[in-house]
Amino acid sequence: MIILGLNILYALLLLAFYIAVRRLQKSPVHLSGDLPKVTVLIPLRNEAVHLPGLIASLQQQNYPAEKTSWIFIDDHSDDKSIEIIRSVNDSRISLVQLAPDKTGKKEALRLGVETSATEWICTTDADCLLKEGWLTQLVSTSIEKNAVMVCGMVKVSPDHQLWPGFQAMETAVLQSAGAGSLAMQQPLLNTGASLCFLKSAWKEVDGYQSHAHIASGDDTFLMLHFMKHFPGRVVPSIHQDAVVQTYPMPDFTSLLRQRIRWNGKVKHYEPGYIHLVGAIVMLASAGWVFAVVGALTGMYDIELLPVILAIRLIAETILTSVWTGITGQSFKLISLLGMSVFYPFFTLFSFIIRPFMKNGWKGRPL
């Protein structure tokens with residue numbers, strides 16, 4: 001019964017996030033006609049394959065061209081990234097490079113913010129594609145809501161193969177939960193791939209300095225510091241234009257390393273509710289794994305398995321339905337069923353193996 005109770009708690013969490021996002025959908029943002037100047041920061045390292053797509057989507061933004069500038073911050077790339085950026089004939093582009101003794105995304109973003117000449121800052125990643133209304137939506141939300149930070153979302157576009165599809169569904173759940181929890185003013189996660197904030201507020205919280213020693217988490221740590229200093233003024237944007245598209249990890253090992261990297265920063269989060277939610281999710285996943293293994297070995301009542309699975313599947317299906325309403329990205333029921341069955345195994349495995357697996361990013365150890 002403990003396993004059943006844990007999975008009921010897990011389902012109730014997802015339903016709470018669903019309700020919060022649904023309420024947001026009923027209060028759409030009205031775009032402002034008087035938009036301020038804004039700088040888009042793009043930190044990068046060895047992104048030559050993705051840069052042409054990103055640059056094209058930046059050039060297609062419907063934000064007033066005379067009010068935008070793009071700063072690419074290179075973190076010692078050794079591919080053709082710099083050549084690609086310099087070859088683009090667009091006065092809005094500028095390129096800065098980290099000093100030889102500086103590395104990492106946080107250093108790149110810090111340099112970008114300090115280099116920028118505008119109060120309004122947006123960030124994205126070099127491996128993303130942006131809707132033409134992306135900038136307009138983020139900045140307009142900030143103006144209308146009197147927000148110092150607006151958090152967009154990111155989606156993984158699958159190519160209908162196993163791991164890309166799995167990542168797309170997982171991302172849908174995580175991003176919907178992130179938007180819902182932020183709407184409840186109890187945020188769990190954030191993405192720097194679709195983010196807007198005020199430079200003056202960034203300076204007030206001392207930027208990334210307090211968590212500069214932690215390899216990952218520039219986006220979520222920054223959001224939590226903004227929340228602490230500016231309660232009620234950090235808001236989500238769930239409009240389809242605020243959702244950027246990224247690419248899936250190419251294989252299982254890459255996906256596992258990414259998740260381990262993400263999970264490794266959670267222990268540094270200050271708010272206790274984040275650890276409580278994490279514990280519920282992890283214990284519910286472990287409970288499901290134990291129930292499946294126990295049922296197969298005769299140690300657990302197999303009749304409870306369909307009940308637990310139904311609870312998980314219904315909650316995850318409901319939450320992803322709101323994601324479909326925002327992004328248009330939908331998933332087959334059989335695929336969601338597969339995720340409900342196997343995702344807890346992946347979650348538990350990534351947690352157990354983390355202390356024993358060396359991790360890295362862009363060719364650097366973490």
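I73 stands opposite V96 in strand β3, in a model that is predicted. Local features are reported at pLDDT of at least 70 and side-chain atom pairs at pLDDT 80 or more, while totals for chains, interfaces and linings use all residues. Residues are numbered from 1 along each chain as its sequence is written, and side-chain values use heavy atoms, without hydrogens and water. Helices (H or I, at least four residues) and strands (E, at least two) are DSSP runs numbered from the N terminus.

- Strand β3 covers residues 93–97 and is parallel to β2, with five bridges between them; two strands count as paired if DSSP finds at least two bridges between them.
- Between β2 and β3 lies helix α3 (residues 81–87), and the three make a right-handed β-α-β unit.
- Right-handed means that, with the strands pointing away from the viewer, the path from the first strand over the helix to the second runs clockwise.
- Six of the seven residues in strand β2 (residues 68–74) are buried, where buried is under 20% relative accessible area, exposed is over 50% and partly exposed is in between (1.4 Å probe, protein chains only).
- Strand β1 (residues 38–44) runs parallel to β2 and is joined to β2 by seven bridges.
- The chain passes from β1 to β2 through helix α2 (residues 51–59), in a β-α-β crossover that is right-handed.
- Within this pairing, I42 faces F72 of β2.

**Open sheet β5-β10-β7**

- Three strands, in the order β5-β10-β7, form an open sheet with mixed pairing.
- Its edge strands, β5 (128–129) and β7 (153–156), each pair on one side only.
- Strand β10 (residues 243–246) runs parallel to β7, with four bridges joining the two.
- V154 is opposite V244 in β10.

**Cysteines**

- The disulfide count is zero, a disulfide being a pair of cysteine sulfur atoms within 2.5 Å.
- C122 has its closest cysteine sulfur in C196, at 3.5 Å, which is too far for a bond; C122 is buried, at 0% relative accessible area.
- For C151 the closest cysteine sulfur is also in C196, at 9.7 Å, again too far for a bond; C151 is buried, at 5%.

**Nonpolar patch**

- I8, L9 and L12 make a nonpolar surface patch of about 250 Å².
- Patch residues have over 30% relative accessible area and no salt bridge; like charges are joined within 9 Å and nonpolar side chains (Val, Leu, Ile, Met, Phe, Trp, Tyr) within 5 Å.
- A salt bridge is a side-chain nitrogen of Lys or Arg within 4 Å of a carboxyl oxygen of Asp or Glu.
- Areas come from the Shrake-Rupley method with a 1.4 Å probe, and for residues only the protein chains shown count as cover.
- I8 lies in helix α1 (residues 2–25) and is partly exposed, at 35% relative accessible area.
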